[in-house]
Each structure stands twice: as structure tokens, then as C-alpha cells.
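Biologist: I would like to learn how to read a structure like this one. Please take me through it feature by feature.

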Amino acid sequence: MPDRLSALDASFLYVEDHSTPMHVGGVAIFERPRDGFTYEQLLDLIGQRLAFLPRYRQRVLEVPGHLARPVWVDDVDFDLNYHVRRSALPQPGSDGQLFDLVARLMSRRLDPGRPLWEAYFVEGLAGDKVALVTKTHQSVVDGVGTIELGQLILETAPQEPEPFDDNWHPRREPSRTQLMLDAVAETVQRPTELVENVRSIAHDATAMAGKVTETVGDVASALKTMVKPAPSGPLNVRTSGGRMFAVVRTRLEDFRKVRAEHGGTVNDVVLAAITGALREWLLSRGSALTAGTTVRALVPMAVRDAETAEYSTPALLGNQVDAYLVDLPVGEPNAVLRLQHIGHAMAAHLDSGRSVAARGLLTVGGFAPATLHSLGARAAGSMSGRIFNVLITNSPGPQVPLYAGQAKMVEMFPVMPLVRNQALAIGVTSYHGGVYFGLNGDRKAVSDVDLLAGMIEESLEELKGAHW
């Protein structure tokens with residue numbers, strides 16, 4: 001039987017356009033070891049690991065006449081050098097130059113005629129550092145059969161470089177006739193499949209609503225959410241094709257101190273810091289805030305054992321991702337009360353089971369931050385933009401150093417995609433004592449994303465100094 005895209009994966013291809021490329025990104029910064037870390041070594045490292053990720057050497061092939069959803073086929077012309085590219089900044093490259101490059105790379109769609117991923121080896125950073133910028137389409141990383149590339153190339157100890165010997169042999173691509181015969185055979189077995197596929201391609205609203213309920217798994221919960229639109233505001237505007245990217249570097253210990261002082265979880269403190277920053281950002285734009293003003297966030301999270309619900313704990317309960325809708329109290333002027341409101345909202349979700357749960361995003365063996373961010377983006381991409389204002393993914397990472405070959409990773413920043421009519425997406429990852437924020441903003445609507453990034457730091461400082 002053909003390796004056909006799922007309805008959800010196909011929908012990511014159908015709704016993609018020049019203003020909303022449907023890929024998830026990441027920026028990892030490495031220290032060069034004494035004997036160097038070269039582009040050729042990275043090629044060898046990725047090439048060795050591709051045997052564990054067959055999807056990364058497959059491309060999407062459309063079925064003639066759209067008789068069925070597309071299929072995955074081996075790319076007989078696969079070229080690793082095309083997917084792993086070399087770039088450089090004028091030395092000494094600054095953060096601003098790197099993140100300008102990231103924004104430009106993330107605004108470009110992946111080539112649909114090739115495997116849907118790219119990686120950029122960026123040299124020239126100050127301090128003899130290099131960066132690895134990755135882009136992976138949401139249809140690729142399903143968390144079941146395929147994980148994110150970054151999860152496989154990082155190790156907890158330095159690895160000696162080994163030359164890459166490619167013994168991969170692609171399977172022959174099916175003919176148009178075979179594709180049509182397979183589609184007809186499946187249509188006979190499932191007559192409604194053809195109708196559903198045509199409607200999806202036509203961007204039929206009813207078909208897309210079906211994708212939402214398929215993803216969240218709870219039809220009643222999904223319908224209740226969809227009839228209650230998110231508050232309007234500057235975060236929900238027509239998405240342009242340009243992007244702006246900014247980062248925030250904080251320490252995990254600061255979030256733990258706030259949690260110890262005021263209760264809740266570290267994730268609650270992260271959301272409270274973002275809430276305080278969004279409040280100041282809205283005020284800086286002249287928005288009128290009342291005590292009841294909120295910004296609704298879609299917050300995909302890994303479900304944890306309550307007894308070990310530490311932010312840095314790697315173990316997960318059931319390898320499950322739940323996507324919570326949380327109304328962030330940006331109208332509340334008191335930082336501690338904002339934190340308490342968020343803590344109550346998150347606790348209510350966890351205790352009552354009223355969350356919009358992404359039940360189709362289960363069973364990920366050994367979650368890694370990059371994979372979890374990809375699954376969070378899938379949850380957002382499959383839901384109507386009317387029901388939330390901003391996507392916030394928060395993934396715990398390992399608290400020990402990781403290495404690509406012999407190069408030590410010192411920082412990692414997620415780059416979350418924007419869905420239609422969304423101007424901002426925030427990814428958060430903890431790693432080796434740090435908590436790293438990546439803010440992806442629409443270039444027209446949120447051109448001051450670096451200002452918002454600075455406000456997150458100020459908001460955290462406010463929480464650290466807050467007292468009753």
C-alpha cells in the first residue's frame with residue numbers, strides 16, 4: 001500500500017501559502033572545539049543519522065486528479081548538500097545579524113518538490129561560535145514515525161567524527177498509473193475519502209473544521225471553543241510574508257525562585273513573564289486595557305507525572321501533548337496576581353480535563369524540545385486562528401550539555417511558525433540551566449519584536465522583586 005499522507009499532514013500542505021509557510025525552525029549555537037567543527041563534519045553527522053529518519057529522504061508526490069491525498073516517495077535525486085547549506089556572517093557576526101538571517105530564512109517556503117527540510121551551517125559568529133539553523137515542515141514531524149532532526153544529531157557526550165558512507169538506495173517512484181490505481185482501490189473501500197480530499201484542497205471551511213476536531217479528539221470541547229472567538233487586538237491581523245526574530249536569554253534558577261516565593265509551577269512563571277511583557281507592549285502601542293482585558297494563548301504542553309512535575313525533569317507521562325487555551329490577564333497591573341490567575345487557569349485545565357487536547361499528537365518516544373515544538377506547531381496549525389491570539393510553546397530540555405560531534409551546544413532557540421492572521425508566536429526551551437525564548441513576529445504587524453523581547457526580561461525582574 002502507498003505511504004499516504006494523513007488528512008492532517010495533507011491539510012498543512014493545502015493551507016500553506018507565501019505568507020504562512022508551515023515549517024518549524026530552530027537555532028542552536030555551538031562553541032567550536034579546538035580541532036574545529038566544519039561544514040563537512042556536520043554533513044557526515046547528519047548523513048549518518050538519516051538512516052533513522054527515512055522521511056527526510058522522501059518527498060511529497062501528488063496523485064493525478066487529486067483522487068486521493070498525496071503520498072510519500074523516496075527522492076531518487078536526493079542531495080544532502082542541497083538540504084544542508086553553508087552560510088557565513090561578516091566577522092565578528094553579531095546576534096542582530098544572525099537573527100536577521102534567521103528571519104529571512106524562516107520567511108521562505110520549502111521546495112515542495114524535494115524533502116521538506118533544510119539546515120544552515122552559519123559561520124562567522126563572534127567568539128568563534130557557529131550556528132545551526134533548521135527548518136522542518138509540519139507535515140514531516142508527526143512524533144510517531146518521525147521526530148525532528150535535532151533530536152538525533154545531539155548527544156550527551158562528544159563524539160569522534162566519522163566519515164559518512166552513504167549506502168542508501170531509493171525505491172522506484174510509482175508511475176502515474178499506479179498512483180491512480182491505488183487511489184481508485186482506496187476509494188472503493190472508503191468512498192467518502194475522495195470527497196473529503198477534494199474539499200480539503202478547496203479550503204472548504206467544513207473540511208478544515210473536521211481537521212480541528214480530528215486533532216483535538218474531543219468534538220464537544222472543540223465546538224465549544226470554536227464558537228467563543230479570542231479577543232480582538234493587534235496580534236490578530238493579516239499575516240504578511242516577512243518575519244522578525246528576537247530572543248531572550250534567562251536563567252532557570254530565576255523562575256524557580258519566583259515559584260518558591262509565590263507558588264505555582266515554573267511554566268506558570270514563564271507564562272506570567274510573557275503576560276507582563278504583552279501588557280507593557282500593548283500599552284506602548286496605546287491599547288486601552290481594563291482590569292478584565294486578556295490575551296488568549298494556545299499553550300501546547302507535555303503531560304507530566306504530578307509527583308515529578310519539575311520543569312527540567314525529562315520523564316513524561318504517556319508521551320502526551322495537550323494544547324491548553326489560556327486567557328492571559330494582561331489587564332491586571334499586579335505581577336503576583338497575574339501569576340496567580342495563570343496558575344489557577346492552568347490548574348483548572350489539568351484538574352477538570354476541559355483542555356483542548358491534541359490527542360492525535362501522542363506516542364513520541366523520548367520527547368526532545370525540537371520535536372515537542374514541532375508537535376505544538378501542528379496543534380496550532382490545525383486549529384482556527386479565531387480561537388487564540390498567540391501561540392506559546394514551552395518545552396523542557398536537558399540540564400546537561402549536549403554535543404553535535406565534538407561541538408558543545410551553548411544555546412538553543414525555537415522558531416515557531418505563524419498561522420494565518422497571527423502576528424506572533426513564542427517558543428520557550430530550557431537547556432543546561434538556561435531558559436531561552438524565541439519570538440517570531442510578522443514583519444509588518446510586530447516590527448518591534450525586539451522591544452517585546454526586552455520587556456520579557458523586565459517582566460521577569462518584576463516578578464523576582466514582587467512582594468505582597
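Biologist: Does H11 pass H14 in a left-handed or a right-handed crossing?

Modeller: First, the ground rules. This is a predicted model: local features need pLDDT of at least 70, side-chain atom pairs count only at pLDDT 80 or more, and totals for chains, interfaces and linings use all residues. Residues are numbered from 1 along each chain as its sequence is written, and side-chain values use heavy atoms, with hydrogens and water left out. Helices (H or I, at least four residues) and strands (E, at least two) are DSSP runs, numbered from the N terminus. A crossing is left-handed if the near helix is turned anticlockwise from the far one by less than a right angle, and right-handed if clockwise. H11 passes H14 in a right-handed crossing.

Biologist: At what angle do H11 and H14 pack?

Modeller: Axes are lines fitted to C-alpha atoms, for helices over the stretch in contact (heavy atoms within 4.5 Å). Angles run from 0 to 180 degrees between N-to-C directions. Helix H11 (residues 266-284) and helix H14 (residues 449-464) pack at about 125°, with axes 8 Å apart. Under 35 degrees counts as roughly parallel, over 145 as roughly antiparallel, 65 to 115 as roughly perpendicular and the rest as oblique. H11 and H14 are therefore oblique to each other.

Biologist: Which residues of H11 and H14 meet?

Modeller: Among them are Trp-281 and Ala-273 in H11, and Met-455 and Leu-460 in H14. For classes, Ala, Val, Leu, Ile, Met, Phe, Trp, Tyr, Cys and Pro count as nonpolar, Asp, Glu, Lys and Arg as charged, and the others, Gly among them, as polar. This contact has 13 nonpolar, 3 polar and 1 charged residues.

Biologist: What is the strand order in the open sheet?

Modeller: Strands of a sheet pair through backbone hydrogen bonds, either parallel or antiparallel. Here, two strands pair if DSSP finds at least two bridges between them. The 6 strands run S4-S5-S6-S1-S12-S11, with mixed pairing. Strand S4 (84-93) and strand S11 (403-404) stand at the edges with a single partner each, so one side of each lacks a neighbour in the sheet. S5 (residues 117-125) and S6 (residues 129-137) run antiparallel, joined by 7 bridges.

Biologist: How many salt bridges does the structure hold?

Modeller: A salt bridge is a side-chain nitrogen of Lys or Arg within 4 Å of a carboxyl oxygen of Asp or Glu. The structure holds 21. One of them pairs Glu-40 with Arg-86 (3.8 Å, N to O). Glu-40 lies in helix H2 (residues 39-49) and Arg-86 in strand S4, 46 residues apart.
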